[in-house]
Amino acid sequence: MRILDSVIERLKIDAREWLEGLNVDDSFTTIMEKVYTDLQATGNGYLEVGRKVNGEIGYIGHIPSTTMRVRRLRDGFIQLLYGKAVFFRNFGDTETPNPIAEGSDRPNEIIHLKKYTPMNNYY
């Protein structure tokens, strides 16, 4: 049992170090606090996921919910900021083309957290 406990502890430490290494500006806890604050305030929280060339996750960050829009077909998201639009795929989607920046074949992905309310027409 002690061996199993030490293996589990080592895996926890490795996972924590990996998560903390995905963003040089904020800790993973800080990122999740920002996402949760948005979720409580607006009903939506957005976690940005960037991938390395080999497909591994290389970046995790927060995107303010007030700048994000769900695409009509729900095939991705658009961030509107300073008069510019940026396309994001749904998390795990590797095939939806970027309708805004032609030739940009690796847009970042979004994990969208939404708080249910019967007053929101998204549902």
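This is a predicted model: local features need pLDDT of at least 70, side-chain atom pairs count only at pLDDT 80 or more; totals for chains, interfaces and linings use all residues.
**Entry 1**

**Entry 1: helix H2, buried side**

Next I listed the buried residues of H2, which are Ile31, Val35, Asp38 and Leu39. They cover an arc of only 100° around the axis, and this puts them on the same side of H2. For background I wrote down that an α-helix has 3.6 residues a turn, so residues three or four places apart point the same way. I then looked up what lies over these buried residues of H2, and the cover includes S1, S2 and S6.

**Entry 2: length and end of H2**

I checked the length of H2 against expectation: at 1.5 Å a residue, its 15 residues should span 21 Å, and the end C-alpha atoms are 21 Å apart, which agrees.

Turning to the strands, I traced an open sheet of six, in the order S2-S1-S6-S5-S4-S3, with mixed pairing. Which strands stand at the edges? I found strand S2 (57–63) and strand S3 (68–70) there, each with a single partner strand, so one side of each is left without a neighbour in the sheet. Neighbouring strands of this sheet are, on average, turned by 35° against each other, direction ignored.

**Entry 3: pairings, strand by strand**

I followed S1 to both of its partners. S1 and S2 run antiparallel and are joined by six bridges; as an example I picked valine 49, whose bridge partner in S2 is isoleucine 60. Strand S1 (residues 44–51) also runs antiparallel to strand S6 (residues 109–114), again with six bridges, and here asparagine 44 has lysine 114 in S6 as its bridge partner.

How do strand S5 (residues 84–90) and S6 run, parallel or antiparallel? I found that S5 and S6 run parallel, with two bridges joining them, and that asparagine 90 has isoleucine 110 in S6 as its bridge partner. My background note here is that strands of a sheet pair through backbone hydrogen bonds, either parallel or antiparallel.

**Entry 4: helix against sheet**

Last, I returned to S1 and S2, which are joined by six bridges. Helix H2 (residues 28–42) packs on the sheet and touches S1, S2 and S6, while its direction makes about 145° with that of S1.

Definitions and conventions
Residues are numbered from 1 along each chain as its sequence is written. Side-chain values use heavy atoms; hydrogens and water are left out. Two strands pair if DSSP finds at least two bridges between them. Helices (H or I, at least four residues) and strands (E, at least two) are DSSP runs, numbered from the N terminus. Axes are lines fitted to C-alpha atoms, for helices over the stretch in contact, and angles run from 0 to 180 degrees between N-to-C directions. Contact means heavy atoms within 4.5 Å. The expected span of a helix is 1.5 Å times one less than its number of residues. Buried means under 20% relative accessible area, exposed over 50%, partly exposed in between (1.4 Å probe, protein chains only). The arc is that of the directions from the helix axis to the C-beta atoms.
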